[in-house]
Amino acid sequence: MKQKKGWIVKLRQFLYTSGAFSYLWITANQRLKPRKQLRFETDVADHCNLNCKSCHHFSSVADQNFVKTEVFEKDFERLSQLAGRNNENIDIMGGEPLLHPEISKLAEIARKYFDGPINIVTNGILLEKMNDVFWESCRKNNIRIIVSSYPIKLNVKQIKELAKKHKVTLKIRSIFMSKNSWCKLPLDLSGKQSLKENSKLCITINKCIFLKNGRLSTCCLPLVADRFNNYFETKGFCKNLEVTDDDSIDIYKAKNIDEIYEFLSKPMPFCRYCRIKSWEIGIEWGVSKKEITEWI
Ligand code: SF4
Ligand code: SF4
């Protein structure tokens, strides 16, 4: 029976990936065009209170670390100066963003510099415990709360009531995520994957643009790789994910936003680590055991 289930998962995965890859290949030129409007994500907490296996932000092996409010504000101000206030989308995430002791203040700062959609993307675990200051900040600053889907128990009724009471827009991605809807992007630590092929098949490139400490990258991976490197170095692994300045762009050195959009529309050296064609989709979700096999 178990063998049959494994076969079905593999078939489902094959059908999904072959369809998705064909679509991604055909639409690659469109996705790799320089953007016309700013969108980005940023982690305000490196660590998480759920610690999923294979976490794409390496939060399950990250040390506790919060973004400094001054750094967050300086970067948002600079990006607003470069790109204007009319953003396409901004996701404040992590790790778990609600762990940040000043999340209400961060929401206020984000809105100070941008007029477009701003979301706090959370696993939802802490939502019931958030105080009125938090809810009021979300309401006043028109910050939407997005609850990502994980196969965990949340008091959805209570969360919906809280959002309604405080007039905050809430989006729950799915409360019915099954245990077998998890995915993993395996890494090739030897870095021998093709940049060209990866960029054409990658769904996140030029879309999940990531901001950290004054730098933007076309996806989060190079800017969160230190979490992976630091943890596995202490466990004796010598093959690190090498990150260079060519993997991201300094928003203070860039002359204008077009230079940034041009940079983000191209694959970066770090893309050589992704085994995009081996995406594992429909695998079982679980809490991380902090083993390197969860990422390779
Ligand atoms: S909840 Fe999200 S950020 Fe936290 S460990 Fe899971 S995947 Fe990573
Ligand atoms: S590193 Fe490159 S190939 Fe890998 S997920 Fe990011 S953008 Fe895609």
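I began with strands β2 (residues 89-94) and β3 (residues 118-122), which pair in the parallel sense over three bridges. Strands here are DSSP E runs of at least two residues, helices H or I runs of at least four, both numbered from the N terminus; two strands pair if DSSP finds at least two bridges between them. Asp91 stands opposite Asn119 in β3.

This is a predicted model, with local features needing pLDDT of at least 70 and side-chain atom pairs counting only at pLDDT 80 or more, while totals for chains, interfaces and linings use all residues. Residues are numbered from 1 along each chain as its sequence is written, and chains are lettered from A and ligands numbered from 1 in the order in which they are written.

I then traced the open, mixed sheet of eight strands, in the order β5-β4-β3-β2-β1-β7-β8-β9. Since β5 (170-172) and β9 (249-250) are the edges with a single partner strand each, one side of each is left without a neighbour in the sheet.

Next I checked Ile92. Beyond neighbours within four places in sequence, its contacts (C-beta atoms, placed from the backbone, within 7 Å) include Val44, Leu106, Ala110 and Ile120.

In helix α4 (residues 103-113), I found Leu106 and Ala110 among the buried residues, buried meaning 20 or more other C-beta atoms within 10 Å of the residue's own. Their cover includes β1 (39-45), β2 and β3.

Last, I listed the residues around ligand 1 (C-beta, placed from the backbone, within 6 Å). Among them are Cys48, His57, Glu96 and Asn123.

Technical notes. A residue is buried if 20 or more other C-beta atoms lie within 10 Å of its own, exposed if 12 or fewer, and partly exposed in between; C-beta atoms are placed from the backbone. Two residues are in contact if their C-beta atoms, placed from the backbone, lie within 7 Å.
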